[in-house]
Amino acid sequence: MKKCTFAVDIDGTITENGGGRIHLDALDALRRLTNMGHNVIFVTGRSSVEGFLLSVFGGTTKVAVGENGGCITLDSNDHILLGNIEECKTALDIIQNSIDNVVEKPVFPRMTEVVLERTFDLNDARKILSEKKLDVELSDSQYAYHINSPGIDKGTGFKEIMKKMSINSDDVIAIGDSATDVPLFKVAKTSIALGNAANDVKSEANIVVSAKAGDGVLEALDKLAPKLSQM
């Protein structure tokens, strides 16, 4: 059997609701893939530490890409920082001084990004930062708005893991639901958008399933089962 690497988003993909409750059947299916010899790596807008802890308790591959690609966690105190949080904080100051209702979201501490509540117009913020000639990435994970260093996204973060673990893009299967997953789709040969994804996200995927979130992951794995058995 050929070894595959599943790059899996967390929120909206293996969660049951906005509160972050894990869909246990989906997690069990991912654990079974790991037991079969495949890699299952969480690639999330949450902190890489949260993703790593989920991999430990969930029984998947013990590595995580977090902060939308800005940080990789390999062990409890082993992190690779790809982004620069100081330039993200500078962008936050500019946005807060220019737009009302810009509020940081209470989240697990970040090492490379700033996370904001979805309480303002993201396009307005992009325009202001462009006028100030500040080059950062602004994205919407549906869970929150994120400010990341230029060039940082889930795709670039996952490429670092691919190098480190000698993973070929032909063997990567990406599963997600939001715009922040599209760069991850682009580095994977097989990309799967769930039923709760927006149409512009679905249009970037090779496969679209009808079920949402964790149920969608189960549907996706069912569709892939014949292909995996042939590998």
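**Close-up views of a predicted model**

**View 1. Leu-116 and its partner across the strands.** Leu-116 stands opposite Tyr-145, a residue of strand β8. In this predicted model, the pairing of β6 with strand β8, which covers residues 145-148, is antiparallel and extends over three bridges. Helix α3, made of residues 85-98, packs on the sheet and touches β6, β7 and β8, and its direction makes about 125° with that of β8.

**View 2. The three-stranded sheet.** Three strands form an open sheet in the order β6-β8-β7, and their pairing is antiparallel. Because β6 (114-116) and β7 (137-140) stand at the edges and each has a single partner strand, one side of each is left without a neighbour in the sheet. On average, and with direction ignored, neighbouring strands of this sheet are turned by 20° against each other. Helix α4, which comprises residues 122-131, lies across β7 and β8 and runs at about 180° to β7.

**View 3. The packing of helices α3 and α4.** Two packed helices are described by the angle between their axes and by the distance between those axes. For α3 and α4 the angle is about 115°, and the axes are 10 Å apart. The two helices, α3 and α4, are therefore roughly perpendicular to each other, and α3 passes α4 in a right-handed crossing. On the side of α3 the contact is made by Ala-91, Ile-94, Ile-95 and Ser-98, while α4 contributes Ala-125, Ile-128 and Leu-129.

**View 4. The largest nonpolar core.** This core has 24 residues, of which Phe-6, Ile-14, Leu-30, Phe-42, Val-217 and Leu-221 touch the most other members. Two or more residues of the core come from each of the elements β1 (5-8), α1 (24-35), β2 (39-43), β9 (172-176) and α8 (213-230). When neighbours within four places in sequence are left aside, the residues in contact with Phe-42 include Val-8, Ile-10, Ile-14, Leu-27 and Leu-30, and also Gly-51, Leu-54, Thr-60 and Val-63. Another core lies apart from the largest one and has 22 residues, among them Leu-74, Ala-188, Ala-197 and Val-201.

**View 5. The hairpin of β4 and β5.** Strand β4, with residues 71-75, and strand β5, with residues 78-81, run antiparallel and are joined by four bridges. Within this pair, Ile-72 stands opposite Ile-80 of β5. The hairpin that leads from β4 to β5 passes through two residues.

Technical notes: Residues numbered from 1 in each chain as written. Predicted model: local features only at pLDDT ≥ 70, side-chain atom pairs only at ≥ 80, totals over all residues. Heavy atoms only, no water. Pairing = 2+ DSSP bridges. Axes fitted to C-alpha atoms, helices over the stretch in contact; angles between N-to-C directions. Contact = heavy atoms within 4.5 Å. Core = buried A, V, L, I, M, F, W, Y, C linked by side-chain atoms within 4.5 Å. Buried < 20%, exposed > 50% of the residue type's maximum accessible area, 1.4 Å probe, protein only. Parallel < 35°, antiparallel > 145°, perpendicular 65-115°, else oblique. Left-handed = near helix turned anticlockwise from the far one by under 90°.
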